[in-house]
Amino acid sequence: MSGQVVSARAPGRVNLIGDHTDYAGGLAVPMAIDLETVVAGRRGGDRVRLRSTSEPEPADIPLDVGDPSTVEPPWARYPAGVVAELRPAEGFTGEVRSTVPPGSGLSSSAALEVAVALALGFEGEAVSLARLCQRAEQRASGVPSGIMDQLTSIRGRAGHALLIDFTNLEVVEIPLPRDIEVVVVHSGRPRALASSAYAERRRDVEAAANEIGPLRDRPASDVDTLVDPVVRRRARHVVTENARVRAFSEALRDGDLVHAGALMVESHASLRDDFEVSTPELDALVARLVATPGVFGARLTGAGFGGCVVAICEPGALAGEGWHVRASDGATVTVDPG
Ligand code: GLA
């Protein structure tokens, strides 16, 4: 028993633009936020025991845990996924504290996975950690999710959004203009990712890529040749969203917030009409926020099917609404020999 005292923190994330592009080898501009999960405790023993300040029941996971998706209580499936992927040499006893609201599309599960992996002793490159935590998420939830959330939680940078290229997982840090506020507002409906059509959307996108090749840089004329109208719409979203991500990064760099905001509104329309992952609540919320003076743009953020809207606005324009989030640094861990 090493007895090392460890504290690991990992932030949630909000995606400014580029949704349902990560598993299609596309582009997105998320940022890590100042809502985060901290896992603190002591290494040792042969189980991972975690109490959570926001859950009534603790997680108690053997190091040789089998199928993480069957573990109880349900929140323990994410740490169990990490244990199953990492197979740490020793256990851990500690506490989980989080300010990332669950079920909102702010990646509370990715923050938990990354913090647990670091607490349990993961060592290696950021991309390997992101991949490990992505596999943990997939095993825990049964959803074939992409790598955006975990990579953002790990690679976040204070004051910056991240332009991520999912063909090679390269990250370019984009400084956020000083006169911008990023506000996240809940639509009132919890996001139901596991039971949702996420896997179906992913299959549609893959069907399109099987016909016309990777969607990353396909011209619209190729998309038009897709016979199935549903697959065509899904592909059109991915292709146009990638173009919007590029334009958005330029606009952000130039401080052209009016253009950046307009691209967010177009992104929302594409997610609503072509990708069909919005809800009436999300649409109404985007319309209301966009009509508010000082708001440059708003869109649903994350997988959709409920959850949150992200808006960019002038300071103070959305005072009293939702979470005013700041771009934060990625995950960190401190180890004290004990
Ligand atoms: C969820 C997934 C991500 C990504 C988004 C949609 O957050 O975990 O990988 O696919 O949905 O952009």
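1. The model is predicted, so local features need pLDDT of at least 70 and side-chain atom pairs count only at pLDDT 80 or more, while totals for chains, interfaces and linings use all residues. Residues are numbered from 1 along each chain as its sequence is written, and side-chain values use heavy atoms, with hydrogens and water left out.

2. Strand E10 covers residues 308-313, strands (E, at least two residues) and helices (H or I, at least four) being DSSP runs numbered from the N terminus. Because 6 of its 6 residues are buried, E10 is largely enclosed by the rest of the structure; buried means under 20% relative accessible area, with a 1.4 Å probe and protein chains only.

3. Two strands pair if DSSP finds at least two bridges between them. E10 runs antiparallel to strand E8 (residues 181-186), to which 6 bridges join it, and Glu181 has Cys313 as its bridge partner in E10. Strand E9 (residues 295-300) also pairs with E10 in the antiparallel sense, over 5 bridges, and here Arg299 is partnered by Val310.

4. Helix H2 (residues 108-119) has 12 residues that should span 16 Å at 1.5 Å a residue, and its end C-alpha atoms are 16 Å apart, which agrees; the expected span is 1.5 Å times one less than the number of residues.

5. H2 is mostly covered, with 12 of its 12 residues buried, including Leu112, Glu113 and Leu118. Gly121, which follows H2, has a positive phi near 105 degrees.

Conventions: Buried means under 20% relative accessible area, exposed over 50%, partly exposed in between (1.4 Å probe, protein chains only).
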